[in-house]
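Q: Got a model open here and want to go through the packing with you. Can we start with a helix and then move to the strands?

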Amino acid sequence: GILSGEQEHKLKFRTVASPADLAQALNEAQGKPVLFDFYADWCVSCKEMEKYTFTEPAVQTALKDFVLLQADLSTTTKAHRELLKQFGLYGPPGIIIFDKKGQERKNLRVVGFMNAEAFAKHVAQIQ
């Protein structure tokens, strides 16, 4: 059915729940670029990114060398708020891109929906 097909095209994110989690994940990702996605099930543009952008082969190819991290703020905790504050965000949506040295590339930050074609080009700038 349609659902099983969709499952195969989902990106595999590692869950990050606190600044300490993020620091550890970035440390383990040394030498690889990182995409960190602030997500919530009530965030419309997050759902759109998940459905229309992350499922596209061009995006999956562009992200194949990335470590993919996600904070799910569907139920926001104190640690989540600390993560948001670390990046000056008020809530999802927000996609933070780190280079291979673990430095945030602020010019590559995405807040809101971006279509697959634009997003694939956007993340390719990190290489």
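Q: Which residues of α6 are buried?
A: This is a predicted model. In α6, which spans residues 116-124, the buried ones are A116, F119, A120, H122 and V123.

Q: Where do they sit, seen down the helix axis?
A: They fall within an arc of 160°, so they line one face of α6.

Q: And what's on the face turned away from that?
A: E117 and K121, both exposed.

Q: What covers the buried side of α6?
A: The cover includes two strands, β2 (34-39) and β4 (94-98). It also includes the helices α3 (44-53) and α4 (57-62).

Q: Which residue caps the N-terminal end of α6?
A: N115 does. One of its side-chain oxygens lies 3.3 Å from the backbone nitrogen of E117.

Q: OK, on to β2. How many of its residues are buried?
A: 6 of the 6, so β2 is largely enclosed by the rest of the structure.

Q: Which side chains point which way?
A: V34, F36 and F38 point one way. L35, D37 and Y39 point the other way. All are buried, D37 included.

Q: How does β1 run against β3, and over how many bridges?
A: The two run parallel, joined by 2 bridges. R14 has L69 of β3 as its bridge partner.

Q: New topic: S18. Where is it?
A: In the loop between β1 (14-15) and α2 (19-28).

Q: Buried or exposed?
A: S18 is buried because its relative accessible area is 17%, and the cut-off for buried is under 20%.

Q: What is S18 in contact with, leaving aside neighbours within four places in sequence?
A: A79 and L83.

Notes
Residues numbered from 1 in each chain as written. Predicted model: local features only at pLDDT ≥ 70, side-chain atom pairs only at ≥ 80, totals over all residues. Heavy atoms only, no water. Buried < 20%, exposed > 50% of the residue type's maximum accessible area, 1.4 Å probe, protein only. Helix = DSSP H or I, 4+ residues; strand = E, 2+ residues; numbered from the N terminus. Arc of directions from axis to C-beta. Contact = heavy atoms within 4.5 Å. Polar contact = N/O pair within 3.5 Å; in protein donor to acceptor, adjacent residues only side chain to side chain. Pairing = 2+ DSSP bridges.
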